[in-house]
Amino acid sequence: MRNDFAWLAGAPVGDAPTEPTVVIGSALPADGLVDADAYVTWVGGLAAQGPLRYLPHRRQTPRLLARLGALPGVTVDSAQAPVELRLRGMTAPQRVVSLPSTAAVLLTSILSPRGVAVIPQAVADDWWTSRATPGLRAHLSGVLRLAADAAALHRSEPTPHGATRPVTDQNNPEDHG
C-alpha cells in the first residue's frame, strides 16, 4: 500500500533552505563506521558543484561540523526540527543528497511530487572501517533499494484504469536508455 504522507506534505511550510543542494548529515562517521576524512572530502566535492546547506545528524561531533563548516560553499545548519519537517518546503530544481538513510525514503515521497530530486548515495567501499559489519552494509544497501523504489513510484503516473505508466525524468540516468 502506497502512503503519500499527505498529512506531512500538507502541513504549513516554514523556511526551507534556499541553497540548490541540501546534504543530510549521517551518523556513520560519528559512529566510527566510515572514515571521517573520506566523508568530509565527499561533502567538499558536492560543495564544489555549488553552494549547499548541510543538515547535521544529531550524533555528529563538533569537530566534524567545524571541518565541514570550513569548506568553501558549505553552510552548516544548527540542529533543529527533523529533516522531513525542515525540507518539505523545497522546490524544483533543488535537490537533497545523503548517504543511505530512511529519511531519504520518506523525503522522496514528500518532495518528488514537487520536482525535488532526493539522491541517496552508496557508501564507497574504501570508506568503511573495520567496525562496519557485512550485515550493516547489506542493510544500508537495502535502504538504497527502498529509496529507489520510492523514486520509481513517483516517476509513474496513474492511467485511467488505476495502473501506472512511467514518466520520463530527464535528470535520471536510468530513464535514458
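Reply: Strands β1 and β2 run parallel and are joined by 4 bridges. The helices (H or I, at least four residues) and strands (E, at least two) are DSSP runs, numbered from the N terminus. Two strands count as paired if DSSP finds at least two bridges between them. The model is predicted: local features need pLDDT of at least 70, side-chain atom pairs count only at pLDDT 80 or more, and totals for chains, interfaces and linings use all residues. Residues are numbered from 1 along each chain as its sequence is written, and side-chain values use heavy atoms, with hydrogens and water left out.

Start with the partners. Thr21 is bridged to Leu52 of β2. Ile24 has Leu55 as its bridge partner in β2. To get from β1 to β2, the chain passes through helix α2 (residues 36-47), in a right-handed β-α-β crossover. Right-handed means that, with the strands pointing away from the viewer, the path from the first strand over the helix to the second runs clockwise.

β1 also pairs with β4. That pairing is parallel too, with 4 bridges. Val23 has Val97 as its bridge partner in β4. Both faces of β1 are covered. Thr21 and Val23 are buried on one side, Val22 and Ile24 on the other. Buried means under 20% relative accessible area; exposed is over 50%, and partly exposed is in between (1.4 Å probe, protein chains only).

Now β2, residues 52-55. Leu52 and Tyr54 are buried on one face, Arg53 and Leu55 on the other. β2 pairs in the parallel sense with β3 (residues 74-76), over 3 bridges. Leu52 meets Val74 there as its bridge partner. β2, helix α3 (residues 62-69) and β3 form a right-handed β-α-β unit.

Pro17 sits between α1 (6-9) and β1 (21-24). Pro17 counts as buried because its relative accessibility is 7%. Beyond its neighbours within four places in sequence, Pro17 contacts Val22, Arg53, Arg86, Leu87, Met90 and Gln94. A contact is heavy atoms within 4.5 Å. Pro17 and Arg86 are 69 residues apart in sequence, yet 8.1 Å apart in space, C-alpha to C-alpha.

Pro93 lies in the loop between α4 and β4 (95-98). The peptide bond from Ala92 to Pro93 is cis, with omega near 5 degrees. Most peptide bonds are trans.

Ala104 counts as buried, because its relative accessibility is 1%. Ala104 touches Ser98, Val118 and Pro120, leaving out residues up to four places away in sequence. Ala104 and Ala147 are 43 residues apart in sequence and 6.3 Å apart in space, C-alpha to C-alpha.

Ile24 leads on to a pocket. Ile24, Gly25, His57, Arg58 and Ser101 lie nearest the centre of the second largest pocket, which is lined by 30 residues. On a 1 Å grid over the protein atoms alone, a pocket is an open set of points with protein on both sides within 12 Å along at least five of seven lines; a cavity is a set where a 1.4 Å probe fits but cannot get out, and lining residues have an atom within 4 Å of a point. The second largest pocket holds about 630 Å³ of space. Grid points are joined across faces, edges and corners, and a volume is the space filled by probe spheres set on the points.

The lining of this second largest pocket splits into 16 nonpolar, 9 polar and 5 charged residues. Ala, Val, Leu, Ile, Met, Phe, Trp, Tyr, Cys and Pro count as nonpolar, Asp, Glu, Lys and Arg as charged, and the others, Gly among them, as polar. α4 (83-86), α5 (102-111) and α6 (134-154) each supply at least two lining residues. α6 gives the most, with 4.

Finally, the whole chain. The protein chain has 6 helices and 7 strands. Their order along the sequence is α-β-α-β-α-β-α-β-α-β-α-β-β. Buried residues make up 39% of its 177 residues. Among contacts between residues at least 6 apart in sequence, 60% join residues at least 24 apart.
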